[in-house]
Amino acid sequence: MRNPVSIIVLALSLLASLVLPAAAQLFETRAGQAVLLDVNSGTVLFSKNADEPVPPASLAKLMTMEVVFNALKAGRLSMDDEFLVSENAWRTGGAVSGGSTMFAELNSSIRLEDLIQGVIVQSANDGCIIIAEGMAGSEAIFAQMMNERARKIGLENSTFMNSTGLPDPQQKVTMRDLVKLAVHIQSEYPEYYKYYAQRDFTWNKILQRNRNPLLAMDIGADGMKTGYTEESGYAIVGSIDRDGRRLIVAMSGLPDQRSRGEEARKLLEWGLRAFQPYEIFKKDEEIGNVRLYGGAQLTVPVTVLKDLIILLPITERDRMKARVVYTGPVMAPVEAGQEIATLKVWIGDNLSQEKPLYAAQSVPLGPIHRRALDALTELVLGWI
């Protein structure tokens, strides 16, 4: 009997000498939760409590804008569409609320492009609610749309309860999910991403500057969002494009505005300086074997479909380790090029990359005695 839930992990023999005992993090930060990603290579350069759910604060507005951008791209909205400022939006998110606002006037109508700038540049809670009510009829229904989109783009551990990020006990995000969301917005909506670099915006004759401290630091920053609640502390999702490299950082749990900017900048600049590209496997190179069930042979070699390059620390390359991970044994027959495993690469304790692995050759079903032997092996192992 094949056990579909068993996980088999193989250490790569050629990297076995590089596996060392756990050591201290390569970088230290005051943030409670953090992730740093090199976008071009897909390498996670740093992570700290990356999957710990925390209140998003205004970082939830990134998901709000994803819903809007998706509707614009699909043609369901246009930048010239106008949205009514309801009393609920005015009271909950407007000037009378005491929170971040674009000072929208009650019962006025505002173009969507202006609302987008209000939300992105001014972090306007009233702008978010105006959009949510205009698109979905209510903020609660809009939050359902946010969660549907979040699941579709792979945010597995985040739940949104409103469009603003205002406190709600059920509203949680992770830094890993926020980095994934940032990459998605940049790649899917480049024509709208430009608003995240906008330094200021004037509405209702009131000029407000972008709260992202990275934009004024001359480090190549062009986004994306800051946030704060008493429970979460100060948070940021920042992005820079410098020297042909795109890095994204997500941080939360910082004690004040100053440390938010300083810690984000330090981590980003460390990511630029402290790593170099390193080719660990070439295209079609056989890098391990996966156990088969009922095949004409016991195992099948696995490979990558293109050269695998990751970023490694300049001074501590010996902290890299890699493993082939799969659920198995894999049922035969197997076709060449079929995805059957994952390569996981760690730098110290940090899971840096996960890449799919593919069968390097086809393996047909084996003879009846081979399948019977495999079945007996699985039955015996299942009882042990």
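Biologist: How many residues of β2 are buried in this model?

Modeller: Six of the six residues of β2 are buried. The strand is therefore largely enclosed by the rest of the structure. Keep in mind that this is a predicted model.

Biologist: Which residues lie on which side of β2?

Modeller: Start with the general idea. Side chains in a regular strand alternate between the two faces of the sheet. Now the case here. Q33, V35 and L37 lie on one side of β2. A34, L36 and D38 lie on the other. Both faces are covered, and these residues are all buried.

Biologist: What does L36 touch, leaving out residues up to four places away in sequence?

Modeller: Its contacts include T43, V44, L45 and F46. Among the others are L247, I248 and V249. L267, L268, W270 and G271 are touched by L36 too. Look also at K48, which is twelve residues from L36 along the chain. The C-alpha atoms of L36 and K48 are separated by 9.4 Å.

Biologist: Which strands pair with β2?

Modeller: The general idea is this: strands pair through backbone hydrogen bonds, either parallel or antiparallel. Here, six bridges join β2 to strand β10, residues 245-254, and the two run antiparallel. V35 has A250 in β10 as its bridge partner. β2 also pairs with strand β3, residues 43-48, in the antiparallel sense over five bridges. A34 stands opposite K48 in β3.

Biologist: How many residues lie between β2 and β3 in their hairpin?

Modeller: Four residues lie between the strands. G42 takes a positive phi in this hairpin, near 75 degrees.

Biologist: In what order do the strands of the open sheet stand?

Modeller: Five strands form the sheet, in the order β3-β2-β10-β9-β8. Their pairing is antiparallel. β3 and β8 stand at the edges, each with a single partner strand, so one side of each has no neighbour in the sheet. On average, neighbouring strands are turned by 5 degrees against each other, direction ignored.

Biologist: Which helix packs on this sheet?

Modeller: Helix α6, residues 175-188, does. It touches β2, β8, β9 and β10. The direction of α6 makes about 145 degrees with that of β10.

Biologist: Let us turn to another hairpin. Which strands pair with β18?

Modeller: Strand β17, residues 339-347, pairs with β18 over eight bridges, in the antiparallel sense. V345 stands opposite Q353 in β18. β17 and β18 form a hairpin with two residues between them. G348 in that turn has a positive phi of about 65 degrees. Strand β13, residues 299-303, also pairs with β18, again antiparallel, over two bridges. There, T303 has Y358 as its bridge partner.

Biologist: Now helices. How do α1 and α5 cross?

Modeller: Two packed helices are described by the angle between their axes and the distance between the axes. The axes of α1, residues 61-74, and α5, residues 139-152, come within 9 Å. They cross at roughly 85 degrees. The two helices are therefore roughly perpendicular to each other.

Biologist: Which residues meet where α1 and α5 touch?

Modeller: From α1 come M63, T64, E66, V67 and N70. From α5 come F142, M145, M146, R149 and A150. By class, this contact has six nonpolar, two polar and two charged residues.

Biologist: How many residues of α3 are buried?

Modeller: Ten of its eleven residues are, so the helix, residues 112-122, is mostly covered. Among the buried residues are L112, D114, Q117 and V121. S123 follows α3 and has a positive phi, near 55 degrees.

Biologist: Where does Q198 sit, and what does its side chain reach?

Modeller: Q198 is in the loop between α7 and β6. Its side chain reaches the backbone oxygen of D200 at 3.0 Å. Leaving aside neighbours within four places in sequence, Q198 is in contact with Q117, V121, N210 and L215. At 19% relative accessibility, Q198 counts as buried, because the cut-off is under 20%.

Terms used: Residues numbered from 1 in each chain as written. Predicted model: local features only at pLDDT ≥ 70, side-chain atom pairs only at ≥ 80, totals over all residues. Heavy atoms only, no water. Axes fitted to C-alpha atoms, helices over the stretch in contact; angles between N-to-C directions. Parallel < 35°, antiparallel > 145°, perpendicular 65-115°, else oblique. Contact = heavy atoms within 4.5 Å. Nonpolar A, V, L, I, M, F, W, Y, C, P; charged D, E, K, R; others polar. Buried < 20%, exposed > 50% of the residue type's maximum accessible area, 1.4 Å probe, protein only. Polar contact = N/O pair within 3.5 Å; in protein donor to acceptor, adjacent residues only side chain to side chain. Pairing = 2+ DSSP bridges.
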